Amino acid sequence: MAEAAAPADAEPGPTAGGYARFVAKLYFRYGAMNSGKSSSLLQAAYNYEERGQHVLLAKPAIDTKESDRISSRLGMSREVDFLIPPDADLRALFAEHRARVQHSASDALIPEQTAGDRPVDVACLLVDEAQFLTPGQVDDLLRIVVLDGVPVLAYGIRTDFRTEAFPGSRRLLELAHSLEELKTICRCGRKAIFNARLVGGRFVFDGDQVAIDELNPDRVTYESMCAECYLRESGGRLDGR
Ligand SMILES: [Zn+2]
């Protein structure tokens, strides 16, 4: 599915300077693991840049799988503009990087993008692995959207392997203007909504939200599952109960 450079449900705002302005919104695109979140993010970034617009890519520093890159299963990969440490003031961090983009215009590094009378700015902030943001950092995403006027596309997993919402995802479900589910299929063919954890090839239903040996993919893996298959494997347990 091709995405419009402006999110599909962006509403035209008041016309200013001869072209319609879009009202910035906070978008949360969530799904189970392997639902193509990173691919969708990289595609959205490409769509903006194809139109000569600047985007910033970020992700929480907690995700150590690929350090400072966003990688899709389809083989696309790209370095983020900044990582978000757990204690970071996200709005201030964003403002720093936004200023860098605005200043790069005066260096005329990309002349075709400085042409015209529209000042160079960040068209969108894209956040991968948004489930690992703190609730306070998600609050900052809404401030960036509403107070700073920059749309934010956040991508993340809704629930952990025990079917409990990640703190960042819970806050995004509460605050986002727009929710979009990215779908993937369970082994039985139904839509997968949960992420079952396997350790050494066996399903486990207790443990930390983020597995300690997440870095060792031979040991800890996940399978996206529908509720029926999940409950069959868990013996009816949800959230460790
Ligand atoms: Zn299933």
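Tutor: Here is a walk from the annotated site to the core. Keep in mind that this is a predicted model.

Let's start with the record. An unreviewed UniProt entry lists Cys186, Cys188, Cys226 and Cys229 under "binding site".

Take Cys188 to begin with. Cys188 sits in the loop between strand E10 (178-181) and strand E11 (194-199). Its C-beta has 11 neighbours inside 10 Å, and because 12 or fewer counts as exposed, Cys188 is exposed. Leaving out residues up to four places away in sequence, Cys188 touches Cys226 and Cys229.

Now look across at Cys226. Cys226 is in the loop between strand E13 (220-225) and helix H6 (227-234).

Zooming out, the protein chain has 6 helices and 13 strands. Of its 241 residues, 32% count as buried. Among contacts between residues at least 6 apart in sequence, 71% join residues at least 24 apart.

What about the core? The largest nonpolar core has 50 residues, and those with the most contacts inside it include Val55, Cys124, Leu125 and Ala154. At least two residues each come from E3, H1, E4, helix H2 (90-106), E8, helix H4 (135-146), E9 and E11. E8 gives the largest share, 6 residues. Domain 1 (12-183) and domain 2 (185-241) each supply at least three residues of this core. For a look at one member, Ala154 is in contact with Tyr27, Phe28, Val127, Ala130, Leu141 and Leu172, leaving aside neighbours within four places in sequence.

Helix H1 is worth a stop too. H1 (residues 37-50) has 14 residues and reaches 20 Å from its first C-alpha to its last, close to the 20 Å expected at 1.5 Å a residue. Its buried residues include Leu41, Leu42, Ala44, Ala45 and Tyr48. The buried residues of H1 pack against strands E3 (26-31), E4 (54-60), E5 (69-71), E6 (77-79), E8 (122-127) and E9 (152-157). Just after H1, Gly52 takes a positive phi of about 80°.

Conventions: Residues numbered from 1 in each chain as written. Predicted model: local features only at pLDDT ≥ 70, side-chain atom pairs only at ≥ 80, totals over all residues. UniProt positions renumbered as here; feature names shortened; annotations may be inferred. Helix = DSSP H or I, 4+ residues; strand = E, 2+ residues; numbered from the N terminus. Buried ≥ 20, exposed ≤ 12 C-beta atoms within 10 Å, placed from the backbone. Contact = placed C-beta atoms within 7 Å. Expected span 1.5 Å × (residues − 1). Core = buried A, V, L, I, M, F, W, Y, C linked by C-beta atoms within 7 Å. Domains from an automatic or database assignment.
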